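Please open the model in a viewer and keep a selection panel at hand. The stops below are arranged so that each selection leads to the next.

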Amino acid sequence: MQSINEKQIVYVVSDSVGETAEYVVRAAASQFNRGATEIRRFSYIEDKESIDEIVQSAKEINGIIAFTIVVAELKEYLMEKAKEKNVMYVDILGPMMDSLQAVFRQPPKMKPRLVRQLDEEYFRRVEAIEFAVKYDDGRDPRGILKADVVLIGVSRTSKTPLSMYLAHKRLKVANVPLVPEVEPPEELFEVSNHKVIGLKISPEKLNTIRTERLKSLGLTAKANYANHERIIEELNFADKVMKKIGCQVIDVSNKAVEETANIILGIIGKGEESKNIM
């Protein structure tokens, strides 16, 4: 029997990092008014020899083993050895996985480090979204050099919605508006043209989109923004810039954002030579 001030040592064992097991142990230990609990974490355990050493060490100091091992062979081996040595153990994931298996009616994958993979994907997605916001609408041309994809085109060619959609696919996207009165940033001509995607649109479609945009803002549809001659001027300018860069061009006139995004994902994945996609 331990005295009330004696430190209890818990061995946290995992075939991944072991953060989950350690957090659970600390949360449980905090509910007891006893001496401090010392946690010794053993991560990425993948062989029986390591388990033998951990179980023997726990036996010698009357420690407890808390584990999150999902590889069936190692898990069974640890429990068997702990029983042989009369070492107390706790399977932290087992009961929950058994319950979920009954509900989902399918066996678990039994692969270590899946949670960490999901966490990494989540943080990459968040990072990509923050990148898209920071480098939206040509705010900072330095983003062009850091981006996975650079979208260029005149106003109202869905550059921002596309940037956000692709960010959710974990791509860092910068977008740059092309305006006749403003010289394109030098960075556009410094990056590989395979990273740059030009977005073109028919004059009629752009006129309709811009007219509706003006109406939504309570402005007259006769403003220069939706003027046919102005639109032709902008599109011609954008076409010259895209040809100078030598980038691939997508006609977004009759495409939904999702459709255009999928085309871009295909382009980035295949690394094809420059060509127009109608």
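Helices (DSSP runs of H or I, at least four residues) and strands (runs of E, at least two) are numbered from the N terminus. Axes are lines fitted to C-alpha atoms, for helices over the stretch in contact, and angles run from 0 to 180 degrees between N-to-C directions. The model is a predicted one, in which local features need pLDDT of at least 70 and side-chain atom pairs count only at pLDDT 80 or more, whereas totals for chains, interfaces and linings use all residues. Residues are numbered from 1 along each chain as its sequence is written, and side-chain values use heavy atoms, with hydrogens and water left out.

**The whole chain**

Of its 278 residues, 38% are buried, where buried means under 20% relative accessible area, exposed over 50% and partly exposed in between (1.4 Å probe, protein chains only). A contact means heavy atoms within 4.5 Å. Among contacts between residues at least 6 apart in sequence, 76% join residues at least 24 apart.

**Helices H2 and H3**

Select residues 48-60 (H2) and 72-84 (H3): the two helices pack at an angle of about 30°, with their axes 10 Å apart. H2 is therefore roughly parallel to H3, a label for angles under 35 degrees; over 145 counts as roughly antiparallel, 65 to 115 as roughly perpendicular and the rest as oblique. Show side chains next: Lys48, Ile51, Asp52 and Val55 of H2 meet Glu73, Leu74, Tyr77, Leu78, Lys81 and Ala82 of H3. By class, the residues of this contact between H2 and H3 are 6 nonpolar, no polar and 4 charged (Ala, Val, Leu, Ile, Met, Phe, Trp, Tyr, Cys and Pro count as nonpolar, Asp, Glu, Lys and Arg as charged, and the others, Gly among them, as polar).

**The largest core**

A nonpolar core is a set of buried Ala, Val, Leu, Ile, Met, Phe, Trp, Tyr and Cys residues joined through side-chain atoms within 4.5 Å. Which residues have the most contacts inside the largest nonpolar core? Select Val150, Leu151, Ile152, Ile197 and Ile264; the core itself has 37 residues. At least two residues of this core come from each of S5 (149-153), H7 (159-167), S6 (173-177), S7 (196-200), H9 (228-245), S8 (248-251) and H10 (257-270). H9 gives the largest share, 7 residues. Apart from this core lies another, of 17 residues, including Tyr11, Val55, Tyr77 and Val87.

Now centre on Leu151: beyond its neighbours within four places in sequence, its contacts include Leu162, Val176, Ile197, Leu199 and Ile264.

**Helices H8 and H9**

Pro203, Leu206, Asn207 and Arg210 in H8 meet His228, Ile231, Ile232, Glu234 and Leu235 in H9. This contact of H8 with H9 has 5 nonpolar, 2 polar and 2 charged residues.

**H4 and positive phi values**

Select residues 94-104, helix H4: among its 11 residues, the count of buried residues is 1. Just after H4, Arg105 has a positive phi of about 55°.

Move on to Asp137, in the loop between H5 (114-134) and H6 (142-146). Its phi is near 60°, a positive value in a residue other than glycine, and Asp137 is partly exposed, with a relative accessible area of 44%.

Finish at Arg156, in the loop between S5 and H7. Phi of Arg156 is near 75°, again positive, and at 35% relative accessibility Arg156 counts as partly exposed.
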